[in-house]
Each structure stands twice: as structure tokens, then as C-alpha cells.
Amino acid sequence: MILIDGKKIALEKRARIKEAVEKLSKEKGRAPGLATILVGENPASKIYVGSKIKACQEAGVKSFHNPLPADASQKEIISLIEKLNADEEVDGILLQLPLPNNQDAQECINAVSPFKDVDGLHPFNAGLLNLSKSWDEIVEKNILVSCTPMGVIHLLQKTNIQMEGKTAVVIGRSNLVGKPLSMLLLANNATVIMAHSKTKNLKEISKSADIVVAAIGKAKFLNGQYIKDGAAVIDVGINRVGEKIYGDVDFEDVKDMDIYITPSPGGVGPTTIAMLLDNTLKAFAK
Ligand code: NAP
């Protein structure tokens, strides 16, 4: 097993972003700004938002935190978003998901200016991703793409794992992870299979793949029977079981195989944060 060190790769990326932020801030006469919105008191969401704010500070990005009570109405959330859309010091807006009550997350995301949509979840940016023909086009047009999938591609690139011509299975089809990641793998010329809860023969399909991405949300779901020797395994899952966090891959079961693998925690999570900073920088540059 060769461990893909997400922490190290993310720190290197963050150092490069910090330099770019410094340079662009001088040119523009102000630092980039990221507004975070946290609705309610979900402990995990609080931790995620806290690490995003800390990462901003370390990179020279100004952060503007906006907490709202759990019972905030959709109208209140949208009105805050509109205020942030108009704020010239704010380049990126991050609405932490999930929302605690019956607020419609997509309706709220639709209110974010597409130019400040650092989560890449606005239909405009999701549409640009789907229409893009190649990875070069995604990079050249600075398309704002969901941070976790961008982080996965970054991990594969930095580990020199070839995507072109390889078979990649993405297990999970969420708008946040599975769908955009499939588009990114396709843009990198992989042959992509999207799997989900209704997929038949998942074991066989997964075992045939050169790249396996697990974005399911079920602790230790994938064991060695799903993975072939020589594969690259990217574990997106973050599952709390009691006090511990596990990925979607049963790490103990696969660790002696001849594979590349990201640990969870310490794999995809850190690169997600790095890509959020990268998207904020892109939005600032635009
Ligand atoms: P999600 O919206 O709940 O989607 C889960 C996907 O897994 C769905 O498409 C579902 O299929 C599929 N699935 C569920 N059970 C399955 C099964 N038995 N076999 C095959 N597919 C199955 O979750 P998400 O937001 O994409 O997140 C997935 C995981 O990644 C979670 O653990 C989450 O915490 C983690 N995550 C990590 C990061 C990070 O930064 N590292 C970021 C985001 C998410 P259906 O569509 O058919 O229901």
C-alpha cells in the first residue's frame, strides 16, 4: 500500500495559494474575502467552518463569519446572501451544509452570485462544468467547481496517477461530490462509471476499476473484495462512529494490498479546504 498524504499535498497547495494571495492583494489594494454562513449549532458543521476560517487567516484571506439561528427562515438566509452578494469586500460566499431545518438548500445556493459561488454548487457553475470539453478548458476558464471533487483530482495529479484511458468508478452521485467528480474525471479522459445505491454487481464493477472513489457516507463499506491490486482508492467518506472517524473504505482490510489509498481522516478533507481557498482566489481574480 502506498499512502496518499492529503495533509502534505494540501499544505503545499496552501503555501502556493498564500503567495498568490499576497501578490494579488498588492495589485488590487485589498485582500480577498470569504464570507461563511452557518445556520444553527451542528457541532460537526461548527468544526468544519472553524477550520475553513482558520485556513483563510493563514492564507491572508479575510473571513467574514455570519452565524444564523437554527430556526432562521429561508427568506432570512437569502436576504443575508443578497447582502453579501452586494458587499465589495466579499469575493466568496460559503453556505455550510446541511441546513438544520426545512430550509431548501438549493434555493439558498441559487441566490448566491455565481461569481461568488466558491462551493461551485450554483446551477451556472455546475452547468459550465458539464459543458466543458476538457480539463484545460476548466482550468483556463477558472470555472468554480465543488471543492471536494477538485481536491480529489489534485490528489491524483500530485501522486502522478494517470487518469487518461483508465477506468474510474465513482460510488455516490451527490451534487456535492459524485456528480462533479465524474465530470472532472471525464474531462481528464478517464472512462467513468457512476455507481449508486441501486447499482447491481457493485463489487464486480468496483473491482474492475483502476481508480475507485468512495463517496457513500457508510463507514468501512468497501473492503478488499471491491478493489483490485494496482488500483488507486480515494476515500471521500467521513463517518463518525462514537468518538472515532472512519472512511467509506475498510482501511484495515485493504492496507496490505498493492494499492494507492487516501486515509480518512487526513486524505480528501485537507485538500477540500485547500480548494476552497483556491476557489476564493479564483473569484477574487475574476
Ligand atoms: P450523500 O449526498 O448522502 O450521497 C451518498 C451517495 O452514496 C448517494 O448517491 C447514494 O446513492 C450512494 N449510496 C448510498 N448507499 C450506497 C450503497 N449501499 N451502494 C452504493 N452507493 C450508495 O453524501 P455526500 O454528500 O456525497 O457525501 C458522501 C461522504 O463523503 C460522506 O461520508 C460525507 O461526510 C463525505 N464528504 C467528505 C467531504 C470531505 O471534504 N472529505 C466532503 C463532502 C462529503 P443514491 O443516490 O442512490 O441514494
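Start with the second largest pocket: its lining counts eight nonpolar, seven polar and one charged residues (Ala, Val, Leu, Ile, Met, Phe, Trp, Tyr, Cys and Pro are nonpolar, Asp, Glu, Lys and Arg charged, and the others, Gly among them, polar). You're looking at a predicted model, where local features need pLDDT of at least 70 and side-chain atom pairs pLDDT 80 or more, while totals for chains, interfaces and linings use all residues. Numbering runs from 1 along each chain as its sequence is written, and side-chain values use heavy atoms, with hydrogens and water left out.

Select A126, N130, N175, K179 and P180, which lie nearest this pocket's centre among its 16 lining residues. A pocket here is an open set of points on a 1 Å grid over the protein atoms alone, with protein on both sides within 12 Å along at least five of seven lines; lining residues have an atom within 4 Å of a point. Its volume is about 250 Å³, meaning the space filled by probe spheres set on the points. Colour α5 (123-131) next, as this helix gives six residues, the largest share of the lining. Helices are DSSP runs of H or I with at least four residues, strands runs of E with at least two.

Now colour domain 1 (29-114) and domain 2 (146-269), bounds that come from an automatic or database domain assignment. Their C-alpha centres lie 28 Å apart. Where is the largest pocket? It lies between these two domains, because both give residues to its lining. Pick Y48, T148, I238, G269 and T272 to land nearest its centre. This pocket has a volume of about 1,300 Å³.

On to the ligand. Of the 22 residues around it (a heavy atom within 4 Å), show R173, S174, S197, I238 and T272, which come nearest. Helix α11 (268-285) gives the most to this shell, with three residues. At N239, a polar side-chain atom is 3.4 Å from an oxygen atom of the ligand. The protein buries 72% of the 930 Å² that the ligand exposes when taken alone (Shrake-Rupley method, 1.4 Å probe).

Last stop: select I93, L94, L95, I109, V112, D117, D119 and L121, which line the largest cavity, a set of points where a 1.4 Å probe fits but cannot get out. The volume of this cavity is about 60 Å³. Strand β4 (residues 92-95) supplies three lining residues, the largest share.

Note on methods. A polar contact is a pair of N or O atoms within 3.5 Å; within protein, one must be able to donate a hydrogen and the other to accept it, and residues adjacent in sequence count only if both atoms are side-chain atoms.
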